[in-house]
Amino acid sequence: MHSAPQLSISDELRRRFRDARRVLVLTGAGVSAESGVPTFRGGGNSAVWKGMPFDVISSARMVQRDLPAVWEWFDYRRGLLEALSPNAAHDEIAAWQDRFADFALVTQNIDGLHQKAGSRSVIELHGSIWRARCVGCHTRSAIIPNRPRDNACHDCGDSVRPDVVLFGEMLPAGTFERAAAAAADCELCFVIGTSALVYPAASLPEIAHASGAFVCEVNPESTPLSHWCDESLMGKAGDVLPRLSRLALESSGK
Ligand code: BJW
């Protein structure tokens, strides 16, 4: 018979989870993996589009050189996402926003699955695949599922591009600052499903740690964070997060 792998969650983490008021969650591609969204760096660097590694096709350089190819790559991925649903990890994180007095969800993901699970006020560091942005006047417009998207800006007629942050591009103005302020202020920081390689996102747990927060990583693999964070829960987010909530409730006798 198949049984769930053993996962040890310390008494300290259970207590902190039960008592915390200010909580920050940073998520990455791994949180959507159980919904069927491929990660970038897992699975032997398999994120390749027509022979191009993702850091080539998802680059500012490619937007300048071949915008239609960039759109083709993002249209393809949006098409796949239309059929996908949030998983237990997204659902659990959405429930946490009502559990903690002061809760911030910061994601590197562009897939919109946190919002689909009911998370509100998500800080999207790397933009959204569900928006376009004018290359001239920077006006943003929503891309509606199952509807053709526009190629030109409604305001000025210039070309539009995906409203996502590619390598070498700046994050949307003020976004990192808001996330960094929440990291500096939190007492408990979860880092879920990210390889913690891409900056400035990867500096958020460092900021939380430097400000005295307890930092807990949730990831089936180790990352550069694993050796210094306060607790590393090695498992899939969809298994670990509901279990953590359950255990914390049990230990509080509720
Ligand atoms: C599971 C799981 C399960 C699997 N449960 N877990 C400081 C030092 C060095 C370099 C830099 C630096 N500061 C800035 C840079 C440059 C660069 C950078 O960080 N490079 C590093 C790679 C070296 N950063 C930038 O360019 C950023 N811009 C910037 O800093 O602007 C200022 C500036 C401008 C010019 C020059 C210098 C500075 C922008 C970064 C934008 C990142 N964009 C992408 C693409 C988005 C569009 C698209 O989707 O195509 O964002 S890259 C890609 O990586 C994507 C992700 O959001 C991001 C992070 O990846 P993530 O989420 O961690 O995914 P993976 O695949 O790496 O990891 C998945 C994890 O899940 C794994 O660990 C698995 O084990 C785990 N997992 N199943 C839980 N079930």
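Which residue of β10 stands opposite isoleucine 192? The residue is valine 218. The structure is a predicted model, in which local features need pLDDT of at least 70, side-chain atom pairs count only at pLDDT 80 or more, and totals for chains, interfaces and linings use all residues. Residues are numbered from 1 along each chain as its sequence is written, and side-chain values use heavy atoms, with hydrogens and water left out.

Helices (H or I, at least four residues) and strands (E, at least two) are DSSP runs numbered from the N terminus. Two strands are said to pair if DSSP finds at least two bridges between them. On these terms, six strands form an open sheet with parallel pairing, in the order β5-β4-β1-β9-β10-β11. Its edge strands, β5 and β11 (231–233), each pair on one side only.

Within this sheet, β1 and β4 run parallel and are joined by six bridges. Leucine 24 has alanine 104 of β4 as its bridge partner. Five bridges join β1 to β9, again in parallel, and here leucine 26 stands opposite valine 191 of β9. Strand β10 (residues 214–218) pairs with β9 in the parallel sense over five bridges.

Strand β9 is mostly covered, since five of its five residues are buried. Buried means under 20% relative accessible area, exposed over 50%, and partly exposed in between (1.4 Å probe, protein chains only). In a regular strand the side chains alternate between the two faces of the sheet. In β9, Leu188, Phe190 and Ile192 point one way, while Cys189 and Val191 point the other way, and all are buried.

Helix α7 (residues 88–99) lies across β1, β4 and β9 (188–192), and runs at about 150° to β4. Such angles run from 0 to 180 degrees between N-to-C directions, with axes being lines fitted to C-alpha atoms, for helices over the stretch in contact. Contact means heavy atoms within 4.5 Å.

The other is helix α9 (residues 175–185), whose buried residues are Thr175, Phe176, Ala179, Ala180 and Ala183. They lie on the same side of α9 because they cover an arc of only 125° around the axis, the arc being that of the directions from the helix axis to the C-beta atoms. These buried residues pack against β1 (22–27), β4 (102–107), β5 (123–124) and α10 (203–210). The face turned away from the buried side of α9 carries the exposed residues Glu177 and Arg178.

A further open sheet has three strands in the order β7-β6-β8, with antiparallel pairing. Its edge strands are β7 and β8 (160–164), each of which pairs on one side only. Neighbouring strands of this sheet are turned by 45° against each other on average, direction ignored. Three bridges hold the antiparallel pairing of β6 and β7, and arginine 133 has arginine 140 of β7 as its bridge partner. Helix α6 (residues 67–82) lies across β6 and β8, at about 55° to β8.

Strands β6 (127–134) and β7 (140–142) each supply at least two residues of the lining of the second largest pocket. A pocket is an open set of points on a 1 Å grid over the protein atoms alone, where a 1.4 Å probe fits, with protein on both sides within 12 Å along at least five of seven lines; lining residues have an atom within 4 Å of a point. About 220 Å³ of space lies in this pocket, a volume being the space filled by probe spheres set on the points, which are joined across faces, edges and corners. Of its 17 lining residues, Ser141, Ala142, Arg149, Asp150 and His154 are the closest to its centre. Strand β7 gives the most to the lining, with three residues.
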